[in-house]
Structure formats: structure tokens, C-alpha cells
Amino acid sequence: MSDQNINWADLSEVEKIKTDSNYLRGTLAESLADPITGAIAIDDRQVSKFHGIYQQFDRDTERERKKTKLEPDYSFLIRVRVPGGLVNADQWLQMDQIADEYANGTLKLTTRQAFQFHGVLKGNLKPSIQSINKALLDTIAACGDVNRNVMASPHPYGSNVFDQVQDYASKVSDHLTPRTPAYYEIWLDQKKVAEGSQGEVEPLYGPVYLPRKFKIGFTIPPFNDTDVFTQDIGFIAIENNGVLEGFNVVAGGGMGTTFGDAETYPRLGTVLGFVKAENTVDIAEKIVLVQKEQGNRKIRKNARLKYTIDRLGIDKFKELLHEKLAYKLEAAREYALIRNGDKFGWHQSVNGDWYLGLFIEGGRVKDVESIKTKTALREIADLNISDFRLSGNQNLILGKIKAEDKNKINEILKKYDSLPSTISGTRSNSIACVALNTCSLAFAEAERYLPGLIDKIESSLSDFGLFKDEIVIRMTGCANGCGRPYVAEIGFIGKGPGRYNLYLGGNFKGTRLNNLYRENVNEEEILQELRPILQDYSQNRTEGEAFGDFVIRKQYVKKIVNPKDFKH
């Protein structure tokens, strides 16, 4: 798409901002140098997303500051791109230090296996990003209308192809990263080089980039811990006798929707077929190109790949894709998924290394009273006896540990009261987005509220002998779906302060959408609604039946067949 002869009246405002940004430079340098305000210019708030930055403000203090005629308490979220969620001990230490020096002292592990820093002041943006790059990580394309952090299953148990899948995730991430030098000029003080042609600056994206954000995830059956069907592109590894043959390719997943807009809906990806491993990067590129050319640039709410596929039809989409490929997709291979949650505690991989899964509530790495998880992890990183693997469920795996080092890790975790504890199966399968007090889109609490709500749900779980049963529960502060709530067995979507839509009927494998059960309920109503269903489940489930499957079988909600039938 060229910016010549474009009727901008037909396109969304963001399309013009992107094209006028001179390959993501905008006026960011001027905004950062402005000492009058803690904010950046309005158009730069769009451009900064491509650099991994969101402008935010403290919504808890908004009214009080307005009364005293102060501008909002502005700060910034920085998201670090971590392909496959894998970092070494030195990188973890650097992230820990940045959190203390420039942010609010905590690390947020995101649902896309990335790090987030919160509470970064404008004057600390540049030193923060420079410190991130010193750790051989970066923030470019962690947000914005480009391919974002590429996810990959962090669980190596029972698979001989784990390292290969991680490698392909890194290759896809590298290939789809924007090439503009703007990031290095603005944040790393590199001199601006002479500009070449459009194709030289951004050979894949061009000056307009993609119509909306784009997400890719890899998973290794039987795990679906990246929720592969919620991705724009999902890659399901097909392994045969320890050999990675290739991937089943899934396209068109996405969680975001808008209250009151029937043209927006969550959608699970469609399996297109099988691709040999050596063609993984190529097919990712070609799907991105189809979306670049065919995606809706007029209405941003309908700009994701899922809407492109539904508008074109899957047959036409595959036709356009095959026109760009030098080969055709093969028929999909057989596979089986059993869970989209994480495994906690100690586990040994097929090569003999040990791995420790740690539950991190809400993905927030911090020290709280006697439980000093952040300090414990820093001391473990200081020993340099493990790597650190962020999971798509906001948890952490310490990996590649030798048997003789297990006790060292256990002793540190015990010292800081951070050993894997006895928690309910529901809590261990929980996800919460940040929501209030910093997310501008949130209508309700999520991260700050869900742990307390689970406390109360656990009372019913204990009463009915369900405390250890694993039930996927997720909460978001709005309908955008950052915590993938629409595939949860129990999902909460914030409608307003203290009010949520309650969804039931997703499954434990992440392969089915849930559906609206009750609308606009408060805490008392949530507990009243869930208790009899949990009791029924405890008394009438079949052997091995997951909660979401029971809800469907007992017709508490209907099974979703067509994503457009999804009621939000």
C-alpha cells in the first residue's frame, strides 16, 4: 500500500499518523525533550507504541489532581520483547535492576511472555530502553501495528524438539521485526543515516505497516500453553519419533471485542494445513503480507486478521495465500492437546535437566511482607545456575538446572517464603490483566481484585471437595481480551466499577470459546451464581470431566459454533 493518491477521509486517523511518522520517528524526540509536561504529543502516543511504549496515568488520583488543576500523574508502560519468553540469568538481573531504578519496583510477566515495566517517568524512558538493550533485549515492535512478541511453549517436558521450536520462534520474530532505524536513533543515539527507497527502509511493512496488531504463537502438543487458537498465526509442532517434521498452521484467532458492537467478536483460529519446518518463516511472512494488503484500514475495530478471513472467506484467503507461496499447504497432521495451563514444581526433561515451575499471581514479581519473590529470584539469578522462562500464563519456569543445584534453589526460595505453595487448582490456572489503576481502557479492576475474589470462590471449592481441581479462570478489566478470557472455563470481563460479565463454557485445552452466562454482576452475585454450579459439578461430573465440558453438557451455556454467534 502506497501513501500516494490515498483518500485519507476513507481511512482511520491512525493510518495517516503512521504514514506521516517518517518510519516511526514522529516528533518523539521533541516530545521527550519537552520539560513542561510529563506527557508526549497526541500523535506520538500512537507512534510510541511501535517502540514498545504506552503512555498512561494514575486513574486513582485523577479526580484529586483535577481539583487542584494539576495534569494527570503521567507515566509510561515499557514492554520488552522476549521471543519464546526465554532469558538468561544476566538478562533477568538487568530487568530486575531496571524495575528498581526506573519503574515502580516490580516486574510484570505478561500473557505474551514479555516483561512489562510500569510507572516509568518520561525522563526515564531513554535510560530504561538503553539498559534493556544492554541486556541484548529490546522493545521495538512489542506494541503497535506490527507483529508483536512471538510466543512459544516454555515447557520442555517429554519433547525432543523444544529447542528447535524455540529457534523457529526466534527466526520468525527476527524476520518480522521492523527495520526502521528510528528506534536506534531516538533511544540509542545512533546518527540518522541517509534514507533510501521505501523498500530499503521497510521491505516488508512499508510506511503504513499493518492495519492492526499481529500476534504469533508456537505450541508443542500436548501443551497449548500459548493458547495457539487465539493467535493471528498459530504453529502447532508436529513431532515424529523426536524429529520436528513441521507445523500445522492456524490463522485468524483473536480475543478483542467491543461492548455493544455486534461486528466485533472473539474468534478461534482456523487450521489451514501443514507446512514443513523449513518453510515456517516463509509462510508467516506471506500471511502477514495478505493481511497487510487485505486488512481493513478504514475501521480499526475490524482490522484484525480474524475479520479479514471472515470477510474474504477461508477459501479465498487460502487462495490469496497460495498465490504468494511457491508451494501449497499439505493436509493438517493429527495432534492432541490436553491443557493450556502450566505445570508447577520440579520436573525433569528428556535430556535429564530439571525445571521448576513457579506460580506468579497476576504475573507480578514483587516482594510482599514475608514473601519476597523478587529478592529470591534475584539471588537465584546471581548464582547463574538456571535460565528463566516466562510462560503465557504469567508464570515462571526456572530451566536447565543440574540435579546438584536443585537444593540451592530450594533453600533460597524457602528463605524468602517463595517455595511453590499449596494453592487451589483454580488459582493456579488464573490470569488477570493489569486493568486499573493504569490501563486507560479498563472499566473495572482485574489484577488487584482477582486474588481476593478467588479467596471467596475457594470457600465453595473447599466445601465441595474441589480445591485441587484445575479450573481455568481469567479476568480482564475490559472487553479487549488481553488475558484471553474468552477461552477460559470461567471468564470475567469488566463492565464498570465492581461489575463484570460472567462467561462459562471454555475448555481446559483452549480450543473452545465460552459464552455469556450472566451480565453485569457484582461480587455477591458472582458467588451466588457459581456456588450451585460448582456443587452440581462436584456431584454429577463424569470421571475425568473438566469443568467447562460439564457446563456445556449440563447446558448452563450453549456451545459456540460460529464466532459471530458469540454474544458479548
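Me: How do α5 and α6 pack in this model?
Reply: It's a predicted model, to be clear. In it, helix α5 (residues 89-102) packs with helix α6 (residues 125-134) at an angle of about 170°, and their axes are 10 Å apart. Since angles over 145 degrees count as roughly antiparallel, α5 is roughly antiparallel to α6.

Me: OK, which residues meet there?
Reply: From α5 you've got Q94, M95, I98 and Y102, and they meet P127, S128, S131, I132 and K134 in α6.

Me: And how does that contact split by class?
Reply: Five nonpolar residues, three polar and one charged.

Me: Now α1 and α3, what angle do they pack at?
Reply: About 70°, with the axes 10 Å apart; α1 covers residues 13-20 and α3 covers residues 42-50. Roughly perpendicular runs from 65 to 115 degrees, so α1 is roughly perpendicular to α3.

Me: Who makes the contact?
Reply: V14, I17 and K18 on the α1 side, with D43, Q46, V47 and F50 on the α3 side. By class that contact has four nonpolar residues, one polar and two charged.

Me: Switching to sheets. What's the strand order in the five-stranded one?
Reply: β18-β19-β20-β21-β22, an open sheet with mixed pairing. β18 (430-432) and β22 (515-521) are the edge strands, each pairing on one side only. On average, neighbouring strands are turned by 15° against each other, ignoring direction.

Me: How many bridges join β21 to β22?
Reply: Four, and the two strands run antiparallel; β21 is residues 499-504. Y500, for instance, has V521 in β22 as its bridge partner.

Me: Which helix packs on the sheet touching β22?
Reply: That's α16 (residues 523-540), which also touches β20 and β21. Its direction makes about 145° with that of β22.

Me: And what lies across β18?
Reply: Helix α15 (residues 450-463), which lies across β19 (473-476) and β20 (490-496) too. α15 runs at about 145° to β19.

Me: Last topic, cores. How many residues in the largest nonpolar one?
Reply: 96, and W92, F117 and F218 have the most contacts inside it.

Me: What does F218 touch?
Reply: Leaving out residues up to four places away in sequence, its contacts include V150, M151, V165, Y168, F235 and F247. S153, T226 and T280 are also among the residues F218 touches.

Me: What about the second core?
Reply: It's separate, with 35 residues, and L450, L453, I454 and I457 are among them.

Technical notes. Residues numbered from 1 in each chain as written. Predicted model: local features only at pLDDT ≥ 70, side-chain atom pairs only at ≥ 80, totals over all residues. Heavy atoms only, no water. Axes fitted to C-alpha atoms, helices over the stretch in contact; angles between N-to-C directions. Parallel < 35°, antiparallel > 145°, perpendicular 65-115°, else oblique. Contact = heavy atoms within 4.5 Å. Nonpolar A, V, L, I, M, F, W, Y, C, P; charged D, E, K, R; others polar. Pairing = 2+ DSSP bridges. Core = buried A, V, L, I, M, F, W, Y, C linked by side-chain atoms within 4.5 Å. Buried < 20%, exposed > 50% of the residue type's maximum accessible area, 1.4 Å probe, protein only.
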